[in-house]
Amino acid sequence: MTTVAFIGLGAMGAPMVGHLIRAGRTVRAFVRRPEAADAARQLGAEPFFTPAETARGAAVVFTNVTSSEDVRQVLLGPQGVIEGAAPGTICVDHSTISPIITREVAQALAAKGIEALDCPVSGGTIGAQAGTLTIMVGGKAENLEKVRPLLECVGKTITHIGDHGAGQVAKLCNQIAQVVNIEGIAEAMRFAGAQGVDTGKVFQALSTGFAGSRMLDLLGPKMVSRDFSAGIESRLHAKDFGLAADIAGEIGLDLPAMRATAAQLGELMDQGWGKDDTSSLLKVLELKKA
């Protein structure tokens with residue numbers, strides 16, 4: 001497990017690679033462009049230009065990309081990991097994607113003797129930088145134990161949820177609870193502001209009572225100060241809600257709060273605010289004057 005591969009050197013992936021390197025691991029990193037290769041070298045990783053080549057000689061392959069199709073392509077597509085990884089390699093996917101696609105990908109990898117774990121994370125860029133991510137794991141428990149020392153380089157809380165796809169289900173549950181909470185905070189701030197009450201003082205009062213939450217602590221001050229710069233871009237929450245809504249529809253599950261929040265996220269996207277923070281849900285409410 002000394003040599004690992006990493007695909008997805010974004011805002012989350014780059015600091016995760018840094019933690020692995022500082023822990024003494026050799027990292028082979030997939031890049032698409034020459035300038036990205038320079039950035040990988042600055043981190044201390046060796047760059048490669050196809051997922052297949054990146055995976056060669058690595059005991060574990062990490063992926064942290066955006067969509068279900070991105071994961072499918074880098075793992076199973078032309079010049080994908082499946083063409084370069086040796087049997088026994090473990091693929092650890094930190095992306096948030098469909099649990100259905102996760103199971104399909106795990107089955108295709110298993111046909112080549114390659115193991116898979118879905119390991120979506122919570123904690124955002126702050127958690128990635130601090131190495132304190134929460135990691136929800138789906139797949140074989142024995143494979144989790146093999147990679148646990150690596151996961152402990154980037155995460156603080158690691159929970160085995162169940163078989164393939166279970167980690168992704170847990171992450172979507174996390175997103176439902178989190179973003180419905182953000183919408184509630186936005187509505188509380190809108191309610192206070194519409195009545196001419198100091199939202200900063202309302203935030204102070206709420207944060208010490210039963211309405212207090214991690215989301216209130218993080219996003220309440222952003223709403224009060226109207227700082228909508230992204231901690232987590234709202235388009236990513238909208239993408240995750242789309243996944244959850246699709247699955248709920250397929251199984252005939254009615255989740256009213258999720259449905260209402262999804263509509264607000266959709267309006268946020270329509271306004272072109274997808275790269276702003278999800279605290280921008282407050283601005284959606286403000287589109288309709290009191």
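The model is a predicted one, in which local features need pLDDT of at least 70 and side-chain atom pairs count only at pLDDT 80 or more, while totals for chains, interfaces and linings use all residues. Residues are numbered from 1 along each chain as its sequence is written, and side-chain values use heavy atoms, with hydrogens and water left out.

**Domains**

- The chain splits into domain 1 (3-163) and domain 2 (170-287), with bounds that come from an automatic or database domain assignment.
- Between the C-alpha centres of domain 1 and domain 2 there are 29 Å.

**What the UniProt record lists**

- UniProt, in an unreviewed entry, gives residues 3-162 as "domain: 6-phosphogluconate dehydrogenase NADP-binding"; its positions are in the numbering used here, feature names are shortened, and annotations may be inferred rather than shown by experiment.
- That span, 3-162, is 42% helix and 26% strand, and its end C-alpha atoms lie 27 Å apart. Here helices (H or I, at least four residues) and strands (E, at least two) are DSSP runs, numbered from the N terminus.
- For residues 165-285, the unreviewed UniProt entry lists "domain: 3-hydroxyisobutyrate dehydrogenase-like NAD-binding".
- Residues 165-285 are 72% helix and 0% strand, with end C-alpha atoms 35 Å apart.

**Where the domains meet**

- In domain 1, 14 residues are in contact with 13 residues of domain 2, contact meaning heavy atoms within 4.5 Å.
- About 960 Å² is buried between the two domains, and carbon and sulfur atoms give 68% of this. Buried area is the accessible area (1.4 Å probe) that two parts lose on being put together, summed over both.
- On the domain 1 side, Thr 66, Thr 96 and Met 136 lose the most area to domain 2, together 41% of what that side buries.
- Zero salt bridges are counted between domain 1 and domain 2; a salt bridge is a side-chain nitrogen of Lys or Arg within 4 Å of a carboxyl oxygen of Asp or Glu.
- The elements α5 (99-110), β7 (121-122) and α6 (124-130) each supply at least two residues of the domain 1 side that touches domain 2.

**Salt bridges**

- The whole structure holds 14 salt bridges.
- In one of them, Glu 69 pairs with Arg 72, and the closest N and O atoms are 3.3 Å apart.
- Glu 69 and Arg 72 are separated by about one helical turn because they are three residues apart in helix α4 (residues 68-76).

**Around Val 65**

- Val 65 sits in the loop between β4 (60-63) and α4.
- Leaving aside residues up to four places away in sequence, Val 65 touches Ile 7, Gly 8, Asp 70, Val 71 and Ser 95.
- Val 65 and Gly 13 are 52 residues apart along the chain, and their C-alpha atoms are separated by 8.6 Å.
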